Amino acid sequence: MTTSTSFGTATSADPKIRLQSFTGLRSSHSVALTRNVSVFPVPFSTPLLIRAVSSPVKTEKTTKTEPKRSKVEIFKEESNFIRYPLNEEILTDAPNINEASTQLIKFHGSYQQYDRDERGTRSYSFMLRTRNPGGKVPNQLYLTMDDLADQFGIGTLRLTTRQTFQLHGVLKKNLKTVMSTIIKNMGSTLGACGDLNRNVLAPAAPLVKKEYMFVQETADNIAALLTPQSGFYYDVWVDGERFMTSEPPEVVKARNDNSHGTNFPDSPEPIYGTQFLPRKFKIAVTVPTDNSVDILTNDIGVVLVSDEKGEPQGFNIYVGGGMGRTHRLETTFPCLGQQLGYVPKQDILYAIKAIVATQRDHGRRDDRKFSRTKYLISSWGIEKFRSVVEQYYGKKFEPFRELPEWEFKSYLGWHEQGDGALFCGLHVDNGRVAGKMKKTLREVIEKYNLNVRITPNQNIILCDIRSAWRRPITTVLAQAGLLQPRYVDPLNLTALACPAFPLCPLAITEAERGIPDILKRVRAVFEKVGLKYKDSVVIRVTGCPNGCARPYMAELGLVGDGPNSYQIWLGGTPNQTQLARNFMDKVKVQDLEKVFEPLFYYWKRKRHAKESFGDFTNRIGFEKLQELVGKWEGPVQAPTRYSLKLFADKETYQAMEELAKLQSKSAHQLAIEVIRSFVDAQRNGKSE
């Protein structure tokens, strides 16, 4: 094989393989030859690492040891910018693709899967994930995805925690048809998976307010800035035909700017190079107080800062958030984003690009378990990370601006958009759109020509609804089980679960299929220990430790750690600002009540006024809570002298039962609440 010393074409003996290459950054101790970049020493406490390299030039043998690289880095290097061998593998008669292609197709927005419920032969299929910055889905794209689910998928759509669709069950022979159909109907799957920037989150509410509109525009621009440029996606799926909208000039200018050595000159991928990023990269943008996006869990969290008149001025930036970890490997961990600094609004794209370039050039490429930005920051410290980013940015970051308290906002129910129209947020259990719900949603969206948005909490928002349509839409949705939030169990409203079995290859145990029963059991425990219906806890369940449903931010997180077994994580907060901690390992699914009962019992009796479950567990401490769980023998029964016969006759009981059903309670529960309210009223009256 021959290569040039600058950007060019590399050839091999195999005419099918044509690898474009360019000499960019080499190993962790080398100097880039083709980039205008300031050189500074970068000490590492870890073994010899690899940076963003191109196809290395072959040299005479030396005694120098080649830096270790993961297998995926080799696949990327030899792929001709994520084309080969995927472009050939999708044309074979086999139902699956080879190992290299399995990694490369992720960059195109797809994962190869098989049905793990089946024994013996593997039934391969592919999951496709769309890219929808801020969760925006045009009417045409929604209807297209609905059709594709029926024609080529398993008949369902999955709303994800990153505001995208997942389409499961697509056979390899149908991949090109499905991909090209999405592309031709205002959609894309490019970069929804793989070692590059993933879907950019933003508040899903279609509010016609200056700050919300500015944040959505910023999310769109960041997504455009970090979209791959080499055309591999269109070459593979639509034979090179481009379906690209015009980009804002500020995006083009920021991408092409190489004033501070962020780019690979003359490369088809000026930001990513041949190697792209060491690992997945996640960004969220929001306004102050609105933590509907789990802002602290992203590699970059961007928060708008406005002046007293509401005019956007700039952005605070958090860096280094991330959820993934590995069981029994304590050097992997979930992490919250840290404060990097503030930038004026006109600089945000340049600051984002500088952070991405820092992770690209210095993130680990030898061991993918340690390749996320959070591990680079953990190794360097935030001060050094900031200093290196500033060299790519060309400026110093300004001090982080003060922010108000965060709130979790679901945007469920009916709301004014601000332009005379309404939007309606609908709760979808685990984001699974199926059956009658799917049919009804399509009918409503098609009949009224509605655009939709997907939320980071796996829910859907119907947009641009006229006031006159509200009543008929509410009625037809309710008939399909899409209820207004006041009719949905509060536990369900904030719960999340990843798909897990049967299709996710990483799943250890159930999540989506298991959470309905788990939530019912939690509700039963609530009733048993005397908690009220309105009392709620943020519960998230994942089938493995990778954290797709962000369980490490939950007040009660269940993380699969074996067949029918979970780790229990406690201590997250309702506004998603506190990291949970591992409370207990290897709890069998049938034994969950043995842990839930004492925890909720003591929360009911020992909590402070308005104290959330997460705050309670942190205040009491895990050592004390584990002691209480260990000696638990059941709720303490009230002394006999206080027992009451609540219902003297059958008619009273039946009347109370009917009223209780309207509130999803038992007759006994409702009666006790009425009595307690009466007693409290009498006491208050006497005290006056």
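A: A cavity here is a set of grid points where a 1.4 Å probe fits but cannot get out, and its volume is the space filled by probe spheres set on those points. The model is predicted, and by this rule it contains three cavities of 30 Å³ or more.

The largest cavity has a volume of about 60 Å³. Its lining is made up of Pro203, Ala204, Ser292, Phe408, Lys409, Ser410, Tyr411, Thr455, Pro456, Asn457, Asn459 and Ile461, and by class these residues divide into six nonpolar, five polar and one charged. The second largest cavity, with a volume of about 40 Å³, is lined by Phe408, Asn457, Thr494, Val538, Arg540, Pro574 and Gln576; the classes in this lining are three nonpolar, three polar and one charged.

Turning to charged contacts, the structure holds 40 salt bridges. One of them joins Arg365 to Glu73, with the closest N and O atoms 2.9 Å apart. This pair links distant parts of the chain, 292 residues apart, since Arg365 sits in the loop between helix H9 (348-362) and helix H10 (373-380), while Glu73 belongs to helix H1 (residues 71-77). Buried means under 20% relative accessible area, so Arg365, at 1% relative accessibility, counts as buried, and Glu73 likewise counts as buried at 1%.

Another salt bridge is formed by the side chains of Glu512 and Arg158, at 3.0 Å from N to O. Because Glu512 lies in the loop between strand E17 (496-497) and helix H15 (515-529) and Arg158 lies in strand E6 (residues 157-159), this pair ties together parts that are 354 residues apart in sequence. Glu512 counts as buried at 12% relative accessibility, and Arg158 is buried with a relative accessible area of 2%.

In the salt bridge between Glu247 and Arg255, the closest N and O atoms are 2.8 Å apart. Here Glu247 counts as partly exposed, at 25% relative accessibility, whereas Arg255 is buried, with a relative accessible area of 4%.

Finally, salt bridges also occur as a network, in which Asp146, Asp147, Asp150, Lys438, Arg442 and Glu446 are linked.

Definitions and conventions. Residues numbered from 1 in each chain as written. Predicted model: local features only at pLDDT ≥ 70, side-chain atom pairs only at ≥ 80, totals over all residues. Heavy atoms only, no water. 1 Å grid on protein atoms, 1.4 Å probe; cavity = no way out; pocket = protein on both sides within 12 Å on 5 of 7 lines; lining within 4 Å. Nonpolar A, V, L, I, M, F, W, Y, C, P; charged D, E, K, R; others polar. Salt bridge = Lys/Arg side-chain N within 4 Å of Asp/Glu carboxyl O. Helix = DSSP H or I, 4+ residues; strand = E, 2+ residues; numbered from the N terminus. Buried < 20%, exposed > 50% of the residue type's maximum accessible area, 1.4 Å probe, protein only.
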